Amino acid sequence: MNLTGETLMADTKRNTWMAKLKRTFTSILPVSPKRRGRCINCGACCRLPNVCPFLKTNGDGKGYCGIYPLRPLNCRKYPRTESEHITKDTCGFHFE
Ligand code: SF4
């Protein structure tokens, strides 16, 4: 949930530790050239598959990373590809 009590839903069937492991290992690969948009700080990808201990919220209910300069590659690049994009309902990114 975010600060307003709204549940940020990921695609629950694909929100698994195995998917996280795959994102982690493939994060050295480039971001798809078909990605468009920008991060709008919804915080949904910081809950895949569990809530990240570094996820913080500010006064307007948006999420931010408590270790932003040091965040791992899979966080920096999410969603790297359309197939790993499981937070489409709230994410500011989309794929052509
Ligand atoms: S799901 Fe998308 S918009 Fe939300 S925090 Fe992650 S990258 Fe940003």
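1. Ala, Val, Leu, Ile, Met, Phe, Trp, Tyr, Cys and Pro count as nonpolar, Asp, Glu, Lys and Arg as charged, and the others, Gly among them, as polar. On that basis, the shell around the ligand holds 8 nonpolar residues, 5 polar ones and no charged ones. In total, 13 residues surround the ligand. The closest are Cys 39, Cys 42, Ala 44, Cys 45 and Cys 91.

2. Next, confidence. This is a predicted model. The protein chain has an average pLDDT of 89. At least 70 is reached by 91% of the residues.

3. The protein chain has 2 helices and 4 strands. Read from the N terminus, the order is α-β-β-β-α-β. The radius of gyration is 13 Å, close to the 12 Å that the globule rule gives for 96 residues, so the protein chain is as compact as a globular protein of that length. The C-alpha trace spans about 35 × 25 × 25 Å along its principal axes.

4. How is the chain packed? Of the 96 residues, 20% count as buried. Among contacts with a separation of 6 or more, 70% come from residues 24 or more positions apart.

5. The core deserves a look. In soluble globular proteins, nonpolar side chains tend to be buried together. Here the largest nonpolar core has 9 residues: Ala 10, Ala 44, Cys 45, Cys 46, Leu 48, Tyr 78, Ile 86, Cys 91 and Phe 93. Ala 44, Cys 45 and Cys 91 from this core are also among the residues closest to the ligand.

6. Is Cys 46 buried or exposed? Cys 46 counts as buried, because it has 22 C-beta neighbours inside 10 Å and the cut-off for buried is 20 or more. Cys 46 sits in the loop between β1 (35-37) and β2 (55-57). Leaving aside neighbours within four places in sequence, Cys 46 contacts Cys 52, Leu 55 and Gly 63. Gly 61 is 15 residues from Cys 46 in sequence. In space the two are 14 Å apart, C-alpha to C-alpha.

7. One joins Leu 48 and Pro 49, with omega about -10°. Pro 49 lies in the loop between β1 and β2. Another runs from Tyr 78 to Pro 79, with omega near -10°. Pro 79 is in the loop between α2 (73-77) and β4 (93-95). Leu 48 and Tyr 78 both belong to the largest nonpolar core. Not counting residues up to four places away in sequence, Tyr 78 touches Arg 23 and Cys 45.

8. Asn 41 has a backbone point of its own. Its phi is positive, about 60°, although Asn 41 is not a glycine. Asn 41 lies in the loop between β1 and β2. With 16 C-beta neighbours inside 10 Å, Asn 41 counts as partly exposed.

9. Finally, Lys 13. This residue is in the segment before α1 (17-26). Lys 13 counts as exposed, because it has 8 C-beta neighbours inside 10 Å and the limit for exposed is 12 or fewer. Lys 13 and Ile 86 are 73 residues apart in sequence. Their C-alpha atoms are 9.3 Å apart in space. Ile 86 is one of the residues of the largest nonpolar core.

Technical notes: Residues are numbered from 1 along each chain as its sequence is written. This is a predicted model: local features need pLDDT of at least 70, side-chain atom pairs count only at pLDDT 80 or more; totals for chains, interfaces and linings use all residues. A nonpolar core is a set of buried Ala, Val, Leu, Ile, Met, Phe, Trp, Tyr and Cys residues joined through C-beta atoms within 7 Å. Two residues are in contact if their C-beta atoms, placed from the backbone, lie within 7 Å. A residue is near a molecule or strand if its C-beta atom, placed from the backbone, lies within 6 Å of it. pLDDT is the predictor's confidence in each residue, from 0 to 100. The radius of gyration is taken over C-alpha atoms; the globule rule is 2.2 Å times the number of residues to the power 0.38.
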